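Subject: Structure handover

Hello,

Here is the structure I promised to pass on. Please open it first, then read my notes below.

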Amino acid sequence: MLKPLADRVIVKFEEEEKEEKTAGGLILTTKAASSSYATATVVACGAGKYASTGTLIPMAVQVGDKVLLSKTAGQKIKENGEELTVVYESEIIAVVAE
């Protein structure tokens with residue numbers, strides 16, 4: 001497994017509903033496709049970011065948290081056949097309360 005550095009977070013997006021096509025070839029959009037945000041699960045976290053004073057600012061998220069972020073955030077990677085995304089903690093909009 002990868003271990004992200006500094007204030008980076010590795011997330012796995014939840015499965016989305018796929019587009020549906022009619023017999024005539026028209027694409028039917030789904031509610032999920034119209035939203036620009038998605039939920040993901042935190043798979044791994046870095047230690048945090050260092051402030052200009054040299055003190056470590058710890059991460060606000062932890063492994064297992066469900067988070068809300070833009071679908072276009074971060075860099076997509078493949079690890080052991082899984083599609084994961086590496087994002088900066090600042091790209092995470094919110095932690096989803098359960």
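Lys12 sits across from Thr41, a residue of β4. Keep in mind that this is a predicted model. Another bridge into β4 joins Val11 to Val42. Between them, β1 and β4 (residues 37-45) form five bridges, in the antiparallel sense.

β4 also pairs with β7 (residues 66-70). That pairing is antiparallel too and has five bridges. Within it, Ala40 has Val67 of β7 as its bridge partner.

Now the sheet as a whole. It is open and has six strands. Their order is β8-β9-β1-β4-β7-β10, and the pairing is antiparallel. The edges belong to β8 (75-79) and β10 (92-95). Each of these has a single partner strand, so one of its sides has no neighbour in the sheet. On average, neighbouring strands are turned by 45° against each other, with direction ignored. As a reminder, backbone hydrogen bonds are what pair the strands of a sheet, in parallel or antiparallel fashion.

Next, charges. How many salt bridges are there by the rule used here? The count is two.

One joins Glu82 to Lys12, and the closest N and O atoms are 2.9 Å apart. Is Glu82 buried or partly exposed? Glu82 has a relative accessible area of 34%, so it counts as partly exposed. Lys12 is at 33% relative accessibility and is also partly exposed.

Glu14 and Lys66 make a salt bridge as well, at 2.9 Å from N to O. This pair links distant parts of the chain, 52 residues apart. Glu14 is in the loop between β1 and β2 (20-21), while Lys66 belongs to strand β7. Glu14 is partly exposed, at 34% relative accessible area. Lys66 is partly exposed too, at 28% relative accessibility.

Glu89 deserves a separate look. Where does Glu89 lie? It is in the loop between β9 (82-88) and β10. Glu89 is buried but has no salt bridge. Its nearest side chain of opposite charge is Lys49, at 8.6 Å. A salt bridge needs the nitrogen and the carboxyl oxygen within 4 Å. What does Glu89 touch, leaving aside neighbours within four places in sequence? Its contacts are Asp7, Val9, Met59, Ala60 and Val61.

Last, the start of the chain. Met1 is in the segment before β1 (8-13). Its relative accessibility is 62%, so Met1 counts as exposed, the cut-off being over 50%. Met1 still has contacts beyond the residues up to four places away in sequence: Val43 and Glu79. Ala44 is 43 residues from Met1 in sequence, yet the two C-alpha atoms are 8.7 Å apart in space.

To go through it on screen, I would take the places in this order:
- Lys12, opposite Thr41 in β4 and in a salt bridge with Glu82.
- Glu89, buried and without a salt bridge.
- Met1, exposed and touching Val43 and Glu79.

Best wishes

Terms used:
Residues are numbered from 1 along each chain as its sequence is written. This is a predicted model: local features need pLDDT of at least 70, side-chain atom pairs count only at pLDDT 80 or more; totals for chains, interfaces and linings use all residues. Side-chain values use heavy atoms; hydrogens and water are left out. Helices (H or I, at least four residues) and strands (E, at least two) are DSSP runs, numbered from the N terminus. Buried means under 20% relative accessible area, exposed over 50%, partly exposed in between (1.4 Å probe, protein chains only). Contact means heavy atoms within 4.5 Å. Two strands pair if DSSP finds at least two bridges between them. Axes are lines fitted to C-alpha atoms, for helices over the stretch in contact, and angles run from 0 to 180 degrees between N-to-C directions. Lys and Arg count as positive and Asp and Glu as negative; His and the chain ends are not counted.
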